[in-house]
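Here's a quick briefing to read with the model open in your viewer.

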Amino acid sequence: ADLNGGRLDHKMDHLVCFMGGALALGAYTDPEGLDSPRAQRDLKLAKAVTYTCYQMYARMATGIAPEFVRFENGRDMVVGSNAPFYILRPETVESFFILNKLTGDPVYREWGWEVYQAIEKYCRTEVAYGGIDDVRRTGSKPTDRMESFFLAETMKYLYLLQDPDTEVDILNKHVFNTEAHPLRKLELVKKR
C-alpha cells in the first residue's frame, strides 16, 4: 500500500514481491531461532505475501502478473488502470526460489514452472523475450524490449528453482547480489 496525500492506497506492486523471500531469509536466520514466535510470524507472512504474488500471475488470462494490483471497495486484486503491463520482472520468482530452498515445499517449483510456461507462451520472440502491454489479453504480442534483469535475474531464478541439485546454498555458502549473481560468502573464499 502507498500513502498518498494522507490517503491509504490499497495496492500491491510486483516490485514488492521480493519481500516474501526477504522475510523467509530473516525467519531462517533469526538470532532467536526459527522456532521463535518472531521467526514463525515472519515465515507465515513470507508465505502469505508470496502466495498473493503468485495469485497476481494465476488470476490473469495470460498467467502473467501486471505491474500492480489494487484491493478496493471489497474487490479482490484488480489490475491497476495504468498498469496492465509486464516487463519481465524477477521479484516473484526470486521469492519462489528462496522459499523452495528454505522450506523444501514443491509448490514453489510448481508455481515457478507455471510462470515460466506463461513467459514462454506470451513473451518469447523469434530472437529473445519482450514484455507484454496487457496481461489480461491473450492476444498481446511481446514488446520489442527485453530488460537486462530478465536474463540476469528472472531466468536465473527460474532455472535454479527447477534444479534440485544446485550447489547454491543460500543459508550457509552463498549470497546473491542485486542482479542475482550467487557469490560465496567472504569467509569461504580462500585467501591467496
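Is Tyr28 buried, partly exposed or exposed? With a relative accessible area of 23%, Tyr28 comes out as partly exposed, because buried means under 20%. Keep in mind that this is a predicted model.

- Tyr28 sits in helix 1, while Leu43 belongs to helix 2, which spans residues 37-58.
- The two are 15 residues apart along the chain, and their C-alpha atoms are separated by 8.1 Å.
- Beyond its sequence neighbours within four places, Tyr28 is in contact with Leu34, Leu43, Leu102, Thr103 and Leu171.
- Leu43 counts as buried, with a relative accessibility of 8%.
- Setting aside residues up to four places away in sequence, Leu43 touches Ala24, Ala27, Tyr28, Leu34 and Leu99.
- Gly20 is 23 residues from Leu43 along the chain, with 8.3 Å between the C-alpha atoms.
- Which residues of helix 1 are buried? They are Gly20, Gly21, Leu23, Ala24 and Ala27. These residues cover an arc of only 165° around the axis, so they are on the same side of helix 1.
- What do the buried residues of helix 1 pack against? Their packing partners are helix 2 and helix 3.

**The largest nonpolar core**

- In soluble globular proteins, nonpolar side chains tend to be buried together.
- Here, the largest nonpolar core has 46 residues, and the ones touching the most other members are Ile64, Tyr86, Phe96, Ile119 and Cys123.
- Two or more residues of this core come from each of helix 1, helix 2, strand 5 (75-79), helix 3, helix 4 (107-123) and helix 5. Helix 2 gives the most, with 8 residues.

**The largest pocket**

- Rolling a probe the size of a water molecule over the atoms shows where empty space is left.
- How much space lies in the largest pocket? It's about 280 Å³.
- The lining has 18 residues, and Leu25, Glu94, Ile98, Tyr157 and Phe176 are the closest to the pocket centre.
- At least two lining residues come from each of helix 1 (19-28), helix 3 (91-103), helix 5 (148-161) and strand 6 (174-176).
- Which element gives the most to the lining of the largest pocket? That's helix 3, with 4 residues.

**Positive phi values**

- Most residues other than glycine have a negative phi, so a couple of spots deserve a look.
- Met77, in strand 5, isn't a glycine but has a positive phi of about 55°. Met77 also counts as buried, at 9% relative accessibility.
- Leu88 is another non-glycine residue with a positive phi, near 70°. You'll find Leu88 in the loop between strand 5 and helix 3.
- Is Leu88 buried or exposed? Its relative accessibility is 0%, so Leu88 counts as buried.

- Asp134 lies in the loop between helix 4 and helix 5.
- Although its side chain belongs to the charged class, Asp134 is buried, with a relative accessible area of 10%.
- Leaving out residues up to four places away in sequence, Asp134 touches Pro84, Phe85 and Ser140.
- Val175 is part of strand 6 and counts as partly exposed, at 40% relative accessibility.
- Past its neighbours within four places, Val175 is in contact with His181, Pro182, Leu183 and Lys185.
- Val175 and Leu186 are 11 residues apart in sequence, with a C-alpha to C-alpha distance of 9.5 Å.

Note on methods:
Residues are numbered from 1 along each chain as its sequence is written. This is a predicted model: local features need pLDDT of at least 70, side-chain atom pairs count only at pLDDT 80 or more; totals for chains, interfaces and linings use all residues. Side-chain values use heavy atoms; hydrogens and water are left out. Buried means under 20% relative accessible area, exposed over 50%, partly exposed in between (1.4 Å probe, protein chains only). Contact means heavy atoms within 4.5 Å. On a 1 Å grid over the protein atoms alone, a cavity is a set of points where a 1.4 Å probe fits but cannot get out, and a pocket is an open set with protein on both sides within 12 Å along at least five of seven lines; lining residues have an atom within 4 Å of a point. Grid points are joined across faces, edges and corners, and a volume is the space filled by probe spheres set on the points. A nonpolar core is a set of buried Ala, Val, Leu, Ile, Met, Phe, Trp, Tyr and Cys residues joined through side-chain atoms within 4.5 Å. The arc is that of the directions from the helix axis to the C-beta atoms.
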